[in-house]
Amino acid sequence: MSANPLRIILGGPGGRLGSEISKIIADQIDLLLTAGMGRNDQFSSTTPDFDLMLDVSTCDGVVAHLAECVRLNKPIIIGVTGFSDQQNQQIKAAAMTIPVLQTGNFSIGINQLLQQVKQTAKALGPTWTVQIKDIHHTGKRDYPSGTALMLAQAIMDGVGKEMPVETVLYPEKSNSDAAQTISIISVRKGDEIGRHEVLFTNTSEKVVLGHTALRRSVFAEGGLVAARWLAGKAPGLYRMSDVLGR
């Protein structure tokens, strides 16, 4: 490891996750927070030099910061969900020039769950009814969450085909209990940090896989694991599965 700390610009330092990342970086000898940039902040001649940007601001903020990272030839980690198709295309285009790591969840445990869900879906096949419970705090605006969509994709990867996805915001009722459809029930309540369950059901039994975040720091810690990993990588679009060697 280099004797010099990895210099990070943090997008979204005032948010829940950004605040947690800032606190953890302050205690790391191999990391240095050089600046924080809000969603409307722009790079300028006074912006400190940096090695990597870790952006947990907003979709629009990420897209603006992404263009600057391309211009400066700096890697970027994106920990925001809810992008439009056009914005996702911009991210993919940027990854042809610079290293980009995009994820809906930095948690090591969630990324382990994704692997388990994929393996279970492959073993059980497409005839089981599948439901995802997606539970977060009331301040989380998007539903389903990026994590829930990642779990849905893991199911489809496991069974080897695309499946319809039905999304419902509790207390609305799901209209689907049929196989071949993934039902996502999103709940927004209290200060819930993040809880996800995947339920595979047939007429005789039920298999439940899940993850609960007990501290918000798990996401910040995972983001910094990703930052250390991405530094020095070749241009490309990376995921947390790459970081974890899966």
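Start by selecting Leu 124: leaving aside residues up to four places away in sequence, Leu 124 touches Phe 200 and Val 207. The model on screen is predicted. Leu 124 belongs to helix H4, which covers residues 108-124. Its relative accessible area is 24%, so Leu 124 counts as partly exposed, the cut-off for buried being under 20%. Leu 124 and Lys 140 are 16 residues apart along the chain, and their C-alpha atoms are separated by 32 Å.

Next, show H4 together with helix H5, residues 146-159. The two helices pack with their axes 7 Å apart and at an angle of about 35°. The crossing of H4 and H5 is right-handed. On the H4 side, select Ile 110, Asn 111, Leu 113, Leu 114, Val 117, Lys 118, Ala 121 and Lys 122. On the H5 side, the residues making the contact are Thr 147, Met 150, Leu 151, Ala 154, Ile 155, Asp 157, Gly 158 and Val 159.

Move on to strand E7, residues 165-169, where the side chains alternate. Glu 166 and Val 168 point to one face and are buried. Then bring in strand E8, residues 182-188, which pairs with E7 in the parallel sense over five bridges. For one of these positions, pick Val 168: its bridge partner in E8 is Ile 185.

The next stop is the aromatic rings, where the count comes to two pairs. For one of them, select Phe 43 and Phe 50: the ring centres are 5.8 Å apart and the planes are at 40°, so this pair is tilted. Both Phe 43 and Phe 50 are buried. For the other, select Trp 229 and Tyr 238, whose ring centres are 5.2 Å apart with planes at 80°, so the pair is edge-to-face. Tyr 238 has a relative accessible area of 16% and is therefore buried.

Lys 74 lies over the face of Phe 50, at 5.6 Å from the ring centre. Over the ring of Trp 229 sits the charged end of Lys 233, 4.4 Å from the centre of that ring.

How values were computed: Residues are numbered from 1 along each chain as its sequence is written. This is a predicted model: local features need pLDDT of at least 70, side-chain atom pairs count only at pLDDT 80 or more; totals for chains, interfaces and linings use all residues. Side-chain values use heavy atoms; hydrogens and water are left out. Helices (H or I, at least four residues) and strands (E, at least two) are DSSP runs, numbered from the N terminus. Buried means under 20% relative accessible area, exposed over 50%, partly exposed in between (1.4 Å probe, protein chains only). Contact means heavy atoms within 4.5 Å. Rings of Phe, Tyr and Trp (its six-membered ring) pair if their centres lie within 6.5 Å; planes under 30 degrees apart count as stacked, over 60 as edge-to-face and the rest as tilted. A charge sits over a ring if NZ of Lys or CZ of Arg is within 6 Å of the ring centre and within 35 degrees of the ring normal. Two strands pair if DSSP finds at least two bridges between them. Axes are lines fitted to C-alpha atoms, for helices over the stretch in contact, and angles run from 0 to 180 degrees between N-to-C directions. A crossing is left-handed if the near helix is turned anticlockwise from the far one by less than a right angle, and right-handed if clockwise.
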